[in-house]
Amino acid sequence: MGPTVGSGADDTPRASSRVYGKQRSGNSPIRPLKPSAEPGPSGPRPPKPKGPRRLPSGRTIAKIVAALLVLLLVTAVGLFFWIDSRLAGIDGVLDDYEGRPADTPGTNWLLVGSDSRKGLSAAQRRKLATGRSAGQRTDSMMLLHIPEGGDKPTLVSLPRDSAVTIPGKGRNKLNAAYAIGGPKLLVQTVETVTGVHVDNYMEIGFAGFVGIVDAVGGVEIDVRAAVDDPKAGLNLKKGRQVLNGGQALGYVRTRKGGALPDFERTKRQRQFLGAVVKKAASPGVLINPFTSIPLAMSATDAVTVDSTTGAFDMLSLGLAMGDSPVTTVVPFGGNEIAGGGTAVKWDRAKALRLFDALKADKPVPKDVLDAT
C-alpha cells in the first residue's frame, strides 16, 4: 500500500524532550542552566567595616542643654510652690497696734526657739533628755537685721531672762511674754523695748531642730570647751567635730561652762544657727535631691511663721544667714528682780545705740560690739 497523499504537510516525526520528568512543549532548543554561585565559607559573615562615629551636632547639643535647663527650672518652681504651701502660718502675729514702731529700712526677723516637745515620742524625749514639761516656752530669741545695702546682716541674741516691760503686764522676764500671750505678745514686747519694727516671725521646736540637723547630715562645730551635762544628754570633747541632731540640741540647751552660763548659751545658739544654715545652703546639700528634699520636708514641718511670711522670705533668710552675719548680744550690766526672780538688766545706753543702728540700717558701732 502506498503512502497517503493529500495533506501537504511534513509528517516527519520530531524528537520530544522532558524537563524535570515532564513532557516539554515548544520547539525552541533547550538552554543550559546557569551555574549557581559558589557557596561561601561556613560560619557567620564577617562584620562590615564601620566608619568614624558621627558626633551630635552643635544644634542637637544646644537643644539637649536647653531641655535640661527648662526641666530644672520647672522643678525648682514646683519645689518653691510646694514649700510655700507646706509652711504653717500664725494669724495676727504682726498685727498693728497703737504706738507700734514705724517700718524702717531693711528687714527684721524675730527668730524664736521654743522648748515645745510636740512631735517627740516618749522614747525620743528620754533619748534627747528634754524632760516632760507641758506647754511651750521660748528657749532662745534672736533679732536678725538684713540691711538693704551691701553691709553684712546683724544677729542679736535677746537673753530670755532679760528684764523688760511687757505691755499691759508690767515688769517681767522676756520669755514670760510668750508664756502669757504667745507669739503676738512676744513680738509686741520686743518691738516696744527695742524700737525695732519686726517684719517676719519664725519659731522652731525641739523636734524640728533635731530633724533639720539630721537632714543635712550633721553640722561641724568647734566646741571651745569640753561639755558634760547629763540634764541635756550631752558629753562632748573639746575641738572641731560633727554633731548630729540630738547632740546639737543638747549643745544649744546646756547651761554648763563659762562664768555667765546663760550668756555662753546665747553665744552657742548664735554659733550653731549660723553653722546649720550655712550647711543647709551649701551646693552639696541643695543640688543633691537626696538631701535637699528631706531638708525641705524637715524645715517646713519644723518651723512656724507668721501668716505673711512665705517661701521667698525664707529664701532671703537663708541667704542672709549664709552671709556670715555679725553676731552679738544685747549689752547688759547687772541684775534686777523681775517676775519673782533674778533677771538680766540691759545696759540701757549701749542697748539703745545698738537698736538705733539697726533702725537706721547702719552697722552696729564697734565699741558697742566690743562691750558685749
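# A guided tour of the model

Start with helix H8, residues 289-302. This helix has 14 residues and reaches 19 Å from its first C-alpha to its last, close to the 20 Å expected at 1.5 Å a residue. Bear in mind that the model is predicted. Now show the side chains of H8. Which residues of H8 are buried? They are Thr291, Ser292, Leu295, Ala296, Ser298, Thr300 and Ala302.

**Zoom out: the whole chain**

Show everything as a cartoon. Of the 372 residues, 40% are buried. Now think about contacts. Among those in the chain with a separation of 6 or more, 65% are between residues 24 or more positions apart.

**Stop 1: threonine 254**

Select threonine 254. Look for this residue in the loop between helix H5 (245-253) and helix H6 (261-280). Is threonine 254 buried or exposed? Its relative accessibility is 1%, so it counts as buried; the cut-off is under 20%. The side chains of threonine 254 and aspartate 229 are joined by a polar contact of 2.7 Å. Then show the rest of the surroundings. Leaving out residues up to four places away in sequence, threonine 254 touches Val227, Asp229, Ala232, Leu234, Arg265 and Arg268.

**Stop 2: alanine 281**

Move along to alanine 281, in the loop between H6 and helix H7 (283-286). Alanine 281 counts as partly exposed because its relative accessibility is 36%. Alanine 281 and glycine 322 are 6.8 Å apart in space, yet 41 residues apart in sequence.

**Stop 3: a nonpolar patch**

Select Ile61, Val65, Leu69 and Leu72, and show them as surface. Together they make a nonpolar surface patch of about 380 Å². Pick out leucine 69. This residue lies in helix H1, residues 58-86. Is leucine 69 buried or exposed? At 54% relative accessibility it counts as exposed, because the cut-off is over 50%.

**Stop 4: salt bridges**

How many salt bridges does a search of the whole structure find? There are 7.

Select arginine 171 and glutamate 336. Their side chains meet in a salt bridge, 3.2 Å from N to O. This pair links distant parts of the chain: arginine 171 sits in strand S8 (residues 170-173) and glutamate 336 in strand S16 (residues 332-338), 165 residues apart. Arginine 171 is partly exposed, with a relative accessible area of 41%. Glutamate 336 is buried, at 18%.

Next, select arginine 353 and aspartate 367. These side chains also form a salt bridge, at 2.6 Å from N to O. Here the link runs from helix H10, which holds arginine 353, to helix H11, which holds aspartate 367; the residues are 14 apart. Arginine 353 counts as partly exposed at 37% relative accessibility. Aspartate 367 is partly exposed too, with a relative accessible area of 43%.

Stay in H10 and select lysine 359 with aspartate 356. They form a salt bridge in which the closest N and O atoms are 3.3 Å apart. Both residues lie in helix H10, 3 residues apart, about one turn of the helix. Lysine 359 has 27% relative accessibility, so it counts as partly exposed. Aspartate 356 is partly exposed as well, with a relative accessible area of 38%.

Finally, select Asp96, Arg100 and Glu191. These three residues are linked in a network of salt bridges.

**Last stop: aspartate 361**

Select aspartate 361. You will find this residue in the loop between helix H10 (348-359) and helix H11 (366-371). Aspartate 361 has a positive phi of about 60 degrees, although it is not a glycine. With 15% relative accessibility, aspartate 361 counts as buried.

Definitions and conventions: Residues are numbered from 1 along each chain as its sequence is written. This is a predicted model: local features need pLDDT of at least 70, side-chain atom pairs count only at pLDDT 80 or more; totals for chains, interfaces and linings use all residues. Side-chain values use heavy atoms; hydrogens and water are left out. Helices (H or I, at least four residues) and strands (E, at least two) are DSSP runs, numbered from the N terminus. The expected span of a helix is 1.5 Å times one less than its number of residues. Buried means under 20% relative accessible area, exposed over 50%, partly exposed in between (1.4 Å probe, protein chains only). A polar contact is a pair of N or O atoms within 3.5 Å; within protein, one must be able to donate a hydrogen and the other to accept it, and residues adjacent in sequence count only if both atoms are side-chain atoms. Contact means heavy atoms within 4.5 Å. Patches are made of residues with over 30% relative accessible area and no salt bridge: like charges are joined within 9 Å, nonpolar side chains (Val, Leu, Ile, Met, Phe, Trp, Tyr) within 5 Å. Accessible areas come from the Shrake-Rupley method with a 1.4 Å probe; for residues, only the protein chains shown count as cover. A salt bridge is a side-chain nitrogen of Lys or Arg within 4 Å of a carboxyl oxygen of Asp or Glu.
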